[in-house]
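I will write down what I look up, entry by entry.

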Amino acid sequence: MKITLKVWRQANKDAAGSMVTYQLDGVSENSSFLEMLDMLNEQLTSQNQEPVAFDYDCREGICGMCGIVINGSAHGRYESDVATTTCQLHMRSFRDGDVIEVEPWRTGAFPVVKDLVVDRSAFDRIIQAGGFISVNTGSAPEAHSTPAPKRQADRAFDVATCIGCGACVAACPNGAGMLFTSAKITHLANLPQGQPERRLRVKAMIAAHDENGFGGCQNVGECASVCPKEIPLESIAQLNRDLIASMFRGDGKSTD
Amino acid sequence: MIMAATVKKSAKSYFSVGEEIQDTKAPAGPIDKKWETRKFEAKLVNPANRRKLTVIIVGTGLAGASAGATLGEAGYNVHSFCFQDSPRRAHSIAAQGGINAAKNYRNDNDSVHRLFYDTVKGGDYRARETNVHRLAEISAGIIDQCVAQGVPFAREYGGLLDTRSFGGVQVQRTFYARGQTGQQLLIGAYQALQRQVAAGTVTMHARHEMLEVIIHDGRARGIVTRDLISGEIETWYADAVVLASGGYGNVFFLSTNAMGSNVTASWRAHRKGAYFGNPCYTQIHPTCIPVTGEHQSKLTLMSESLRNDGRIWVPKNPADAEKDPRTIPEDERDYYLERIYPSFGNLVPRDIASRQAKYMCDEGRGVGPAIAETDHATGETVERRRGVYLDFADAIGRLGQKAIATKYGNLFDMYRQITGENPYETPMRIYPAVHYVMGGLWVDYDLMSSITGLYVAGEANFSDHGANRLGASALMQGLSDGYFVLPNVINDYLATGPFEEIDDSTPAVAEALADAKGRIEKLLSIQGERSVDSFHRELGSIMWEYCGMERTEAGLITAIERIRALRQEFWSNVRVLGVNEDFNQALERAGRVADLIDLGELMCVDALHRRESCGGHFRGESQTDDGEALRHDDEFAYVAAWEFAGEGQSPILHKEPLVYEAIELKQRSYK
């Protein structure tokens, strides 16, 4: 396949960026999108031009490290029949002669580091605020001492599959991190072990979400439509219910 | 193209033999009392003194994140490092199958002793008994801990945990979270770690890569890192250093490891005195999606549970390779595993299934696209098909498509996504790939390496799996080391601290800094003709051919000579563009590939010296009449711990004899 790539190049977080056009020939339709970018970088290196920086690690759709806006959609979701990460998108989703636009996540909470690489440490800070169950190693009771209903445990698992890639934020017109935040809230709210800190958690995580430069949620739904793990929009409804319920509780008031 | 060495040397000229070593930390007494005794005898650190003691942890996978969280909870001052943008990305996240624990929830005669026995046997009697027994003892507590953290394990309708059998054992002791157990366990450990970041006990340094270990006065006292965004080279000081930096399967270039997985932290420590244990022990997984072309950057594993219902075959006639497999009649198919191993059939152990697939493809009976590869005998490029069919037609006919979809739906979807083929209609193609290394830095019972104060945990150490790891045991070991072993033994060493303060002017520090900076300057100054990746691919091709599924003396000697030539070319002809003071991924990779080249040579030396077959290490010269791995317990019942003897010097072998008191040695058979 012959491909024309328009790639965002930006030297560092303070530099001005621009789209740069590259031609690539002999792309295999069996290669993944990132392998196609590997090929571009080999070509650039052989021409003594600096390769394009992009994040990747597992290349099997589970680590959450990769994330590129492809032809306007996060992870190239609208090029693919099924939910996908960038690394699992394959070139057979494109046609010979296609022009493909490649950009980083563009959102206030994720500043660009270089080219297609962004800083997603704001997600870690949301988790630090309360995305855990406070249990020290060694203090756990026997695993079967608290049964958990299967239906809720399965629901917890469904949202716990979030890989923290940030596609939801990149797709949101407001740059909200609500789908990510709600996935963790919903995961822990559906397990008996998550109950003691449930109200405290939702308040603290929402506060951290707002402090870290994410925008507000208006239930647009773009986040869920690009999510590679198909985290449902209803998890945001769960978050809202928990948040409202927490307003009538004392939990969390002392953490200011 | 580099040709084979013309002068053939003897195997013994590649290494020298030093004194034997022993583990001195496991206490005397019956095997089931050793861990209790060790915990009791270990010196303690008063809670008020812990914050004055600093521990550096490199890597945030299951072992590193769990150790960081637990030591933080205990009150130590922890500094945690990872090269990814967040500790949640570590490659433990990709583990699929599950985690073993001797809970005996199934009432199927499971016990600590049985898990211990299965693990030692599975490791083909090349693991240290004391460590493995402790792992089995700790296993049940790991499940308790993870459930309390909110890990959403699979449950039954009664609300209790579900388990399944896994990896050729006869009990159902594997806990799982669909096909994403590693992800869920890692997120649990990551959240515990983030809780300690918020509490101020752990300081996280993401996008930092360790380049050197600092050894002062005979103790590991810190590390040198590169900030992967700014390029800044920094020093960090501590009273103890823990390496939990994972495995080195990427020495083969194509593996199921993440692209960033590397050996640099371990290798830098090895060069400073940490012995490398059993580097040649590699696990190759038989059911991975085959290579589709030269663009391939990594391989994807599919759970071996597929072999329960799929039948493996190749066409009898190589000319049928391009035919639609559905049109090849039964009598022209070779169900080779069923033919050679009639009692185990398609369920033979991983190494046998892998090796037989290679033989079929070497014979020219492979299927799928013909891919250019180097014929290492002639040095020429040839086209070979590297794949065998895994066919579900029988199972679909017998059980219906719906039943198969319920069992394997996610795997079939993944296969379709990657290959563009529908496995419900046409047979899958599979081929073996490297996915785990049992070898790693040598450690004693306390997980301390041969450098005082340097600890090694998880896949990075050699400790618990012997020559072959059982399914669902990697997650168990990582979390055992991090949650329960290290936090109960590292205190024995830290109790003798805090140690003398050092700074950048201390000679050992200045030297480590100069080494790290010198290497980077050298890499950037070469300005050669070949990309880093091209060297990595060539290294992988040599390793896969000669140090992969089957190893021979002649092949390994050839490999060593080629790797030496490759190293020479790398350091004179690699092209790394850009500067250090920038986000420079080619520079990151160059440093990692340089260390993988050195490691590759040591792996070949280790494989060469071990003239027996055991577990994942198959020496062509040592097999039974049936083509099975043949051990030589009289000569090789030891851990090979390799000492770095200096640049260009032959490594020194230290043998740690393996003593089996609780378990009797046996030869395995799967006919």
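**Entry: chain A, its parts**

Into which domains is chain A divided? I noted domain 1 (3-113) and domain 2 (120-136 + 145-255). I keep in mind that this is a predicted model. I looked up the distance between the two domains of chain A, and their C-alpha centres lie 29 Å apart. Then I turned to the contact between them. Domain 1 of chain A gives 19 residues to the contact, and domain 2 of chain A gives 20 residues. I sorted the domain 1 side of chain A by class. The side that touches domain 2 has eight nonpolar, nine polar and two charged residues.

How many helices and strands does chain A have? I found eight helices and seven strands. I took the spans of the C-alpha trace of chain A along its principal axes, and they are about 60 × 40 × 35 Å. Chain A has 256 residues, and 54% of them count as buried. I also looked at contacts in chain A between residues at least 6 apart in sequence. Of these, 71% join residues at least 24 apart.

**Entry: where chain B meets chain A**

I went on to the contact between the chains. On chain B, 62 residues are in contact with 63 residues of chain A. Which elements of chain B give two or more residues to this side? I listed helix 3 (62-74), helix 5, helix 6 (181-199), helix 12 and helix 16 (585-609) of chain B. Helix 6 of chain B gives the most, with nine residues. By class, I recorded 24 nonpolar, 26 polar and 12 charged residues on the side of chain B that touches chain A.

**Entry: helix 1 of chain B**

I picked helix 1 of chain B, residues 34-41. K34(B), W35(B) and R38(B) are buried there. I recalled a general point: an α-helix has 3.6 residues a turn, so residues three or four places apart point the same way. What do the buried residues of helix 1 of chain B pack against? I found helix 5 (129-149) and helix 12 (474-494) of chain B. Helix 5 and helix 12 of chain B were also on my list for the side that touches chain A.

**Entry: strand 19 of chain B**

I checked strand 19 of chain B, residues 428-437, and found it mostly covered. In strand 19 of chain B, 10 of its 10 residues are buried. Strand 13 (residues 282-288) of chain B runs antiparallel to strand 19, and five bridges join the two. I noted that Q283(B) stands opposite Y436(B) of strand 19. Strand 18 (residues 388-391) of chain B also runs antiparallel to strand 19, with three bridges. Here V388(B) has I430(B) as its bridge partner.

**Entry: T60(B)**

Last, I looked at a loop residue. T60(B) sits in the loop between strand 2 (54-58) and helix 3 of chain B. Is T60(B) buried or exposed? I counted 33 other C-beta atoms within 10 Å of T60(B), so T60(B) is buried; the cut-off for buried is 20 or more. Leaving out residues up to four places away in sequence, T60(B) touches several residues, including A65(B), G68(B), C82(B) and L193(B). I also checked Q84(B), 24 residues from T60(B) along the chain. The C-alpha atoms of T60(B) and Q84(B) are separated by 9.3 Å.

Note on methods
Residues are numbered from 1 along each chain as its sequence is written. Chains are lettered from A and ligands numbered from 1 in the order in which they are written. This is a predicted model: local features need pLDDT of at least 70, side-chain atom pairs count only at pLDDT 80 or more; totals for chains, interfaces and linings use all residues. A residue is buried if 20 or more other C-beta atoms lie within 10 Å of its own, exposed if 12 or fewer, and partly exposed in between; C-beta atoms are placed from the backbone. Helices (H or I, at least four residues) and strands (E, at least two) are DSSP runs, numbered from the N terminus. Two residues are in contact if their C-beta atoms, placed from the backbone, lie within 7 Å. Ala, Val, Leu, Ile, Met, Phe, Trp, Tyr, Cys and Pro count as nonpolar, Asp, Glu, Lys and Arg as charged, and the others, Gly among them, as polar. Domain bounds come from an automatic or database domain assignment. Two strands pair if DSSP finds at least two bridges between them.
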